[in-house]
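Open the model in your viewer and follow the stops in order. Each one says what to select and what is there.

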Amino acid sequence: MTNTTWTRRHILSLADFTGVEYDTVLQTAASFREVLSRRVKKVPTLQGQVVCNLFFESSTRTRSSFELAAKRLSADTLNFTPSTSSLTKGETILDTAKTYLAMGADIMVIRHREAGVPQAVATEMNRLGVRVGVLNAGDGQHEHPSQALLDLFTICSLLDPKNPRLELLAGKKVAIVGDILHSRVARSNIWSITATGAELHLAGPPTLLPKLFADYGTGRAGKLFLHWEIEPALADADLVMTLRLQKERMSQHLLPSLREYHQRYGITRSLLKLCKPDVKVLHPGPVNRGVEISSDLMDDSQFSLISQQVTSGVAVRMALLYLMGSGKT
Ligand code: NCD
């Protein structure tokens, strides 16, 4: 596999991703999906390189899929666990990153509860003049680029399994429903979906969908709409993405009750009747069953793409590590 177009050292945000970059990720992920279907699911692409997973906040699928992706590319992986690290002895995050740098880190995959931490580490690596790539695996409420890219890959692969590409989504109607305010997944998806030329409809209660989100639509290829009722967002939608209520990020009581939230904004089979007959439902996980989505719908393979999203995560993260690391081998 050759890669002549990729010039981005760090992947921190999708705000300035270009169409060429999206298509490069989608095509590269498609070739790694082929690798993952082989009997021997491993390639020597990143042999000798060190990928460090610095997760300062909990994670199941993102952390495990980055680790598996690095291993499938034959990189050496280091996993950091804050509770058993020197952070508990007062070491700063930048000093932790420099410790990994001194051990030969080539790529740092960083998740942190504060927005801007991956950016701060990337700035420090640039200042030191070292060729280390930093990948944002979720920072506070800011962004989660690899999640939005795997969502895009899952959707585009559904539309054309052999040749997933950005233009396939042009003219489609996509709805994102739920706790938009606290969601880094929603923020990254707003950038990627509006880059395709799709119509993006955001829906949620006013406390979780402030008007300022309308500004995200300025100058994008696809139009952005905000709704405080769910029905207009779902009407004739091709794709519906629902989000977890991020209770750990809510500083005030923003909802009357979970039951009422489910009644008004929970995705159910009967609400899906408003959408196109072949509508598909996405959720980045972890899911609160019976809150943002009904339990039976989550497990219904006619509608739910949730397990395909997890599977896509490995191929897409292999693509990102490959693109960031390939300039060095
Ligand atoms: C998301 C996250 O951590 O931002 N999950 C994920 O990475 N798959 C969404 C969430 O926590 O609800």
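Which residue has a backbone N or O atom 2.9 Å from a nitrogen atom of the ligand? Select Gly-285: the backbone atom in question belongs to this residue. Keep in mind that this is a predicted model.

A polar backbone atom of Pro-284 is 3.0 Å from a nitrogen atom of the ligand. Now select Thr-62. An N or O atom in the Thr-62 side chain is 2.9 Å from an oxygen atom of the ligand. Taken alone, the ligand exposes 310 Å², and the protein buries 94% of that.

Show the pockets next. The ligand takes up the space of the largest pocket. Two elements, α2 (61-72) and α6 (184-196), each give two or more residues to the shell around the ligand.

Select the whole shell. Its residues include Arg-61, Arg-111, His-144, Gln-147, Arg-184, Val-185, Arg-244 and Gln-246. By class, the shell divides into three nonpolar, five polar and four charged residues.

Color by domain. Why does the ligand lie between domain 1 (19-143 + 310-326) and domain 2 (145-309)? Because both domains give residues to the shell around the ligand.

Return to Gly-285 and step on to Pro-286. The peptide bond between them is cis, with omega near -10 degrees. Pro-286 sits in the loop between β9 (280-282) and α10 (295-298), and is also one of the residues around the ligand.

Last stop: Ser-74. Select the loop between α2 and β2 (76-80) to find this residue. Ser-74 is not a glycine, yet its phi is positive, near 70 degrees.

Terms used:
Residues are numbered from 1 along each chain as its sequence is written. This is a predicted model: local features need pLDDT of at least 70, side-chain atom pairs count only at pLDDT 80 or more; totals for chains, interfaces and linings use all residues. Side-chain values use heavy atoms; hydrogens and water are left out. A residue is near a molecule or strand if one of its heavy atoms lies within 4 Å of it. A polar contact is a pair of N or O atoms within 3.5 Å; within protein, one must be able to donate a hydrogen and the other to accept it, and residues adjacent in sequence count only if both atoms are side-chain atoms. Accessible areas come from the Shrake-Rupley method with a 1.4 Å probe; for residues, only the protein chains shown count as cover. On a 1 Å grid over the protein atoms alone, a cavity is a set of points where a 1.4 Å probe fits but cannot get out, and a pocket is an open set with protein on both sides within 12 Å along at least five of seven lines; lining residues have an atom within 4 Å of a point. A molecule sits in a cavity or pocket if more than half of its atoms lie within 2 Å of its grid points. Helices (H or I, at least four residues) and strands (E, at least two) are DSSP runs, numbered from the N terminus. Ala, Val, Leu, Ile, Met, Phe, Trp, Tyr, Cys and Pro count as nonpolar, Asp, Glu, Lys and Arg as charged, and the others, Gly among them, as polar. Domain bounds come from an automatic or database domain assignment.
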